[in-house]
Structures are given as structure tokens and as C-alpha cells.
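Q: Let's go through this one together. How do I read contacts and interfaces here?
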Amino acid sequence: MTPQRKSLAKRLVGTNTLWIALVLLLLIAVFGALRPDAVLTVFTLQTTLVETSVLLVLAVGMTFVIITSGIDLSVGSVLVFSGVTSAMTMNSLNGGDATNAGWGVVVVGLLVALASGAAWGLLNGLLIAKAKIPPLIVTLGSFGAALGAGQLISNGSNVSGVPNVLSNNLGTGTTFGVPNLVILAAVVTALGALLLGTTRFGRHTYAIGSNEEAARRVGIGVTRHLMAVYLLAGVLAGLAGFMAMAYFRVASVTGHDTDNLNAIAGVVLGGTSLFGGAGSIVGTIFGVFIPAVLRKGFVIVGVNVYWQPIAVAIVLVAAVWFDQSRRKARDRS
Amino acid sequence: MSKRTVRTLGLAAAALLLTACGSSGQIGDSGSTSTAKKMVLIPGVAAEPFYISMECGFREAAKSAGYEVDVQAPAKFDAPLQTPIVTGVLANKPAAVLIAPTDDKALAGPMKQLKDAGIKVVEVDTKLQDTSIASATISSNNEQGGEKAAETLAKLVGDKPGSVLVLNTKAGTSTTDARAKGFETAIKKYPNLKYLGQQYTDNEPDQAASKVTATLSANPDLIGVFATNLNTGEGAATGLRNAGKTGAVNLVGFDASPKQVQDLQAGVVQALIAQDPATIGKLGVERAVAAIEGKEVKRDTETDLVAITKADASANEKYFYKQAC
Amino acid sequence: MQAAEGGGVVRERGVAVADPLLDARDLVKHYGGVEALRGASFTAYAGEVVSLIGDNGAGKSTLVKCLSGVERPDSGTVAFDGRPVELDSPVAARALGIETVFQDLAVAPDLDPAANLFLGRELRKPGVLGWLGVLDKKEMRRRAIGSFDDLGVTLQSIDVPIGSLSGGQRQSVAVARSVVWASKLVFMDEPTAALGVVQRERVLDVIRRVRDQGMAVVLISHNMPEVLAVSDRVEVLRLGKRVARFRAADTTVEELVGAMTGALSQEDAG
């Protein structure tokens, strides 16, 4: 008997992504019904997208890491470190204040941010894949070390002097009404989705997370691959640092303590298993937007401020619980 | 659990029990009182312009009073990081310690050890709930700062009607709560301004930005925002910039670090409420000296705050916080 | 699929006539203080099914791991196709045309059957896309369905992660993967352990067909009737050493059990 493919519709219903997308749509519908004048506007859409862009880029890298059944707690600190090194490099290239610097300086700043992220990613990867130290411990270490290093070189204060050409174009600029920051995040996300979903690199990422020993026995270079995955997460954290700097017009050393947890929450909410082997970038997109929409919606409809974190928590846990019980039901059948 | 682990745990538990039964004293007991002519400042966090300015006032006043000085700051505004610094300073036996406790309860224990060792303790900026430990407390009148923010905002707005929002940090932060409270009381005097209440931001700039734009969606007549500290101010400025509302919505920030002053001059922020950290440091030294010399000590002092707008910025330059003395 | 060729048919073929395809001699393997292999030898010829039997702890799985590149023996020699070889990784073994069905299957439970069949050997699209690493999922799926058909593996669905399939179906996929890629020799460590009667017959049938294509199949099993039904030869391992060799047609279950338990011995040093 030749095994049959299920129809596309049937396969879609079977995915977690569809359900999590429905949760997101439901939230938007509820908030929209409560305050249609304020929620369903271009302004709200634009600002929500912009405000989620940086986190989305972090979450794309985190998706790869979690699918290998790893974790990366260091992303927020690497973001801070990359922003600080990038801003300070740009300042020193332009006589101490890069506010009026040109594109050349900005490009150097971008490269420095990416390289800084790559360096931490590579360090994480080496310790995890080669020295076989558990990722939780390694990245807990680099979480502290990268933040400390960032504070050390910036002397603990935020670094200003971010070039205006950078902030005005990437930070707040738009193209055909779409914020440039959102376009960049969308491109990164799309590339991430293609890499994970259609390439051998992506397939091996799933295989390692699903059964590392099996992957090793079929000849996949597990050590190398894991290093590449943490490197990718580091580079994306570096890019996120650059984006955050353009957006806030300052390289901030505070206020990124919970970026790692927000990214992990988005990824897990999007249906990626913490046990590895399963997940998708598309799911991560929805997962990242659910908390963002909730926070925004609660402010707009005027939910009591003390209720907001409780309500966000309830929705997050409920969404994951719902998804898990649905998956269990499927696996039993 | 392996047998070895069990054994190790057992030994450790026995050791703990022995220590607990063996003596009735406390860590840091010494018996002797301090005599060195030395004073230590323990700020809430390292390298923040507010505390650096306080350190400048402290160093100057302590030196002129003939004291050797030392400054030991935690890397983060965090009680677990500050506690070992306090106990470490204890070993050096200075005559007095000026400290900004990072938690109003958690630091009570370590600070009581200082007091029990005969070291005079003066609280600067923040304070403990337990008022029996410190000899004196010098702090900004945060509530007055909030009132000043409301008054300044009303002045900037004139008699235009509109809504105003307060961005607070985390629920339960006493300083920013006092600022928000002062603002709330004072803003009622202006009937043209509708107070929307406060939003918490977890002290994260991105949350502050998001809450400002969300408020703009819900209340397009938003005319003023009071950001109760540096991070909320930064986030609010970003949110307004994204919404294209920089300048149209009056933003009042708190504190006057170099970046904030720069934003004030660039028109991103319309007013700043500055504290006077140098005076806090200086008065702290005066109270400490009085306590050491056994003179009468004024228990609580609240220093004034000042509102700075772009127009009177140059006249108030001495209130700008410093990156270095 | 093809009808099973009547259980118990044992053919006389190729035994000890040609040169051996695989000739392992005096393999020693320690795990800490435990000596899993104490100078074990093993021989397999092209075009035969040879069963490797022994009691629990006799060293069967260790021997298979050493001969498929997963573990490296501490000492001993392995010759393949008449040449000495160094089996220092699964990749090296596979390059020689050796595939293995491990007892723990070594499949990725979250991936679908086609992805598992092609794991580590993914097909890429032609041209630039392939250079970028883009997979040709359609072609892999098509070929996988073809291979499963050929081998008589029935799956309710080709789209589900194989972790949600039955144990038997998972095992069928693992068997299929090794058979599809092998060109010279297949090790099968308990390939029928989780199977029902019908599926077991199918796997045994697959084994015969692979043998008929001229490959060597090494079967590790506890099931003596099964061993006698499908094997051409049987080699017996006891306490990390080869202790006996039989032609399946000439032996009985009693004889095999005797060799396994030590009641009967042919070789002193195998």
C-alpha cells in the first residue's frame, strides 16, 4: 500500500501554527471590538510592528537554538554588548560623537555589532558543542559576562551619539508607509524561515534536536552544526543590538534583562518544543506578537495596571496548555 | 542521588548545626569600636551620573572635614550585589558609612551589623523601613518632584485641554511611586488636563515606548507625559518619535544626566526635574561628622528639586549630573 | 509485495567458498573495567545471511558497534573486501557500503519517514538552490514512497513524525533506511524485536531479498527458529569470543543453545 499524503487543509489543521495564529486573531478581534477606533488603525499597526521588530530578530535565532533542544539566555546581554561596542566604535571614528557621522561610519558600526554578536555566539557554541557544558549553564554565564563586559567598556552608562542618518532611516524611517525597522526584521525572519524550513541546515537542526545520537550516527557533524546554530543566534543578537540602538537613539546598558525570557516565551508560545526537534519560524512570529498585542491592547482598552501582568501571564500559560493538550490528543489517536 | 552526595550533604548539615549551636553571636562581631578617620560611600549602583554627582559632593565635603574617603558601588541596583559590599566595608572599620540601600528591608541586616560595630550609618537617596539603624537620612523630596513636574507640565501646555499620562517603573518602587503620587495630587489643580493614571513599564524602555504609543491610540488628545525616571523617559521619547509626536506631546523627565540634558536641548524632552545629588552627598557627610563627634544629628532631611526647561537650562547648569567629578 | 518463500527454506550457497567480505579478527573492547569483547572474531560472506547469536552480555551489540564504526575496538584487525580497513566512524563504515539497523533504531522521532530515510544524505535541488542547501523534498518523498513500496513497508501516513507511528512501523523505517543505502553489508541488531507476526515475516522477506541482490546480511536475534529460518550460517558469541560456527541447514535449535550456554564448543580461540 502506498502511503497517501493528507490534503493540504488537513495538514494545516494538524499544525500548531494554525492554532496559535487563531489565538492571535482572536485577541485582535476582541480588542478591535472593544475599541475599534483605536485598535484597528494604521498607527496602532505600525507602532506594534516597530516595537516588536527587535524581539522578533532575537526570537528567530532562539528558535534554531531551542529546536536543537538547547537554550540561549545570553541574547539580551549580547544585544547590549553589541550595541555598546558598535556605538563606541562609531563615536571614536567620528571624533567622539558620531551624531552627524555619515553612512561609512554606520556600516562600520553594523559590522562591529555583528562581529560582537558573532564572538559571543561562537564562545557559547564552543563551550556547548566542544566542551559539552550544558547550554543553560554556558549561556547563563555569558548572560552575565556579556552584560558585564558591555558595562565595563561603556563605564556603566548608556552610550549616546548614535548617528542621525542611522536613527532617521533605520530607526524611524518608513518605505511606502512600512517602517524600515519592520522591513529589516521581516527580511531576517523570512530568511530564517527559509533556512529552517527548506535547507539541509534546517533539516539537520531538527534532527539534532530530535535525536542527537541518531544524527551523529548518520554522519551529521553535530559539533559543527551546534556551533553554527549558536553563532547564528549570536549574530542575530548583534543585529538586534544595532536595531535597538537605531530605534532608541542610544546604546542602552539597562532594560534588557528580560529580553531572553521574552524571546523564549515567544518561541515556545509559537509551538516550538523546549525538548527540541519540533517548531517553526512562522509559529515564532505569532508567538512573539501575542504578548505584544496583549500589552498594547490592555493599555488601549484601559485594563487596570495591576491586572495587566496577571492577564498576560494567564493568556500565555493558557495558550501553551491548550496547544499541549491538543498535541497529546493527536499523539494518542 | 549518589551515596557520596548524601554523605556530603549530611556533613554539611552537621557543620551547619554545629555552627548554629556553637555560638550565639552574629557574623561580623568584633567588640571593638571604630576609630579610623575614614568614610565610605556605598551608592545604589556604579557609574550612574546621579550617584557620581553625589560622590563628587561626598568626596569634597569629606576631604574638607579631614576624612579619608572610599566609594564602593554594586554593578547593578540589586540587594544581593550590594550586601557583600556592605559586609566587606565592615571589615575595614570606617568611622561612618553613607549608603543608598537598594532594598528597604533586605539591607536592614547588613546595615545593622555596621551600626553594631560602632560605625555611624547615614542613608542617602533611599532609606530602610526600619528607622532605628541609620543616624540620619538625606533624600530628595520625591513627592515635591512630582508636584513640580505637574506644575511645569501645566505651564508648558498653557490652557490647552488634553490628557496626561504618568510612566512609572515597577509597582512598589518607593521613589518613583512618590513622584507619581505628587504628580497626581498637583495635576488636579488644572481642570484642562485630564489625568489618565499611571502605567508600569518594568523599567524597560521598550515597554515604555509601547505604552506611550498605545495610549496615543486610545487617547489621541494626549498632551503631556511624565516619565518618572531615566529608562521610562528614554522609552517615552522613542515612542513619541515613532508616533511623530515629538514636541507636540510635552515630555517631562526626571533626573538630569548628560544624555537627558542633551535631549532637553534638542527638544526631545520639554522639561527635566533634577534632584540635587551633590547636596545630598555633602549633607550626608555633615550628618555623619556630627554623629561621630557625638553632637546632635538632624534625623531626616529632604533636599529640594528643581524644574529645568530648555529656556532656563543655562541658568541651572549646576544641577546637571556629572559623568566624573 | 512478494509472497514469503515458505518458512524454513534454507539454501546452500557461497558458504566458505569465496573469500570473506568482512573478516574481523581478535577484537578486544573494554568499557572501564568490563571486557565486552575478548578477542572476538567474525566473518561474513557476500550473498549470505549470517546470524550472530549469543546470550545477553555475550558482546553482540558491542561487536556490531565496532564493525559499524560507532565504537572503536581497543585492538584487533578488520579486513573488508580483502583489504585491512579502519572503521573509525559511522561515515567511514558507510563509505564502504556498510549500513546498520541499531537496536535503539537511531531515528529522529520528530521527523517524518521520508526525512528519516534520507537523514544525513538529503537530496538537494539542482542548480543554485541546491548549492544554497535547499532540499528537494518532493523527490525525497517520491523516492521514499517507492522504497517503502518495494520493501513492503506500509505506513498510514507519510506526513507524520515517526514518533507517532507504532513501534513496528518505526522499526520498518529503520530497516528500510539501512537496506536502501547499503551496497555491501547490512547489520541488523534485533530488527524484528518490536514486530507483530505479519510485519516480522515482511522483514525476514526483506532480508532474503537483500541477500539475493548479493549483499551480506548480519542478523542479530534471540529468536532461534527465526535464525534457522532465514540464515545461511550462524556464528555464536560467548563471553566476548566466537565459540562456534554452523551451517544453518546442518544444525538445530538445541545445538545453537548448547553453543550459547557453553555446553558445546567448537573453537578455542575464534
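Q: Which residues does C:Q169 touch, not counting residues up to four places away in sequence?
A: Contact just means heavy atoms within 4.5 Å. By that rule C:Q169 touches C:T154, C:L155, C:Q156 and C:Q199, with residues up to four places away in sequence left out. Bear in mind that this is a predicted model: local features need pLDDT of at least 70, side-chain atom pairs count only at pLDDT 80 or more, and totals for chains, interfaces and linings use all residues. Residues are numbered from 1 along each chain as its sequence is written, chains are lettered from A and ligands numbered from 1 in the order in which they are written, and side-chain values use heavy atoms, with hydrogens and water left out.

Q: Where does C:Q169 lie, and does C:Q169 count as buried or exposed?
A: Helices (H or I, at least four residues) and strands (E, at least two) are DSSP runs, numbered from the N terminus. C:Q169 lies in α6 of chain C, a helix covering residues 167–181. Buried means under 20% relative accessible area, exposed over 50%, and partly exposed in between (1.4 Å probe, protein chains only). C:Q169 counts as buried because its relative accessibility is 7%.

Q: OK, on to whole chains. Which chains have the most contacts between them?
A: Of the 2 pairs of chains that touch, A and C have the most contacts. There, 27 residues of chain A are in contact with 37 residues of chain C. Chain B and chain C don't touch, and their nearest C-alpha atoms are 19 Å apart.

Q: What area do chain A and chain C bury between them?
A: The size of an interface is often given as the accessible area lost when the parts come together. Buried area is that loss for two parts (1.4 Å probe), summed over both. For chain A and chain C you get about 2,700 Å², with 56% of it on carbon and sulfur atoms.

Q: How many salt bridges and polar contacts are there between chain A and chain C?
A: A salt bridge is a side-chain nitrogen of Lys or Arg within 4 Å of a carboxyl oxygen of Asp or Glu. The count is 1 salt bridge between chain A and chain C: A:R217 pairs with C:D104, their closest N and O atoms being 3.0 Å apart. A polar contact is a pair of N or O atoms within 3.5 Å; within protein, one must be able to donate a hydrogen and the other to accept it, and residues adjacent in sequence count only if both atoms are side-chain atoms. Chain A and chain C have 8 residue pairs in polar contact, both residues at pLDDT 80 or more. On the side of chain A that touches chain C, α9 (180–198), α10 (200–210) and α11 (212–217) each supply at least two residues, and α10(A) has the largest share, 6 residues.

Q: And what does the interface of chain B and chain A look like?
A: Here 32 residues of chain B are in contact with 33 residues of chain A. The buried area is about 2,700 Å², and carbon and sulfur atoms give 52% of it. In chain B, the residues losing the most area to chain A are B:S217, B:R241 and B:N242, together 19% of what that side buries. α7(B) gives the most to the side of chain B that touches chain A, with 12 residues.
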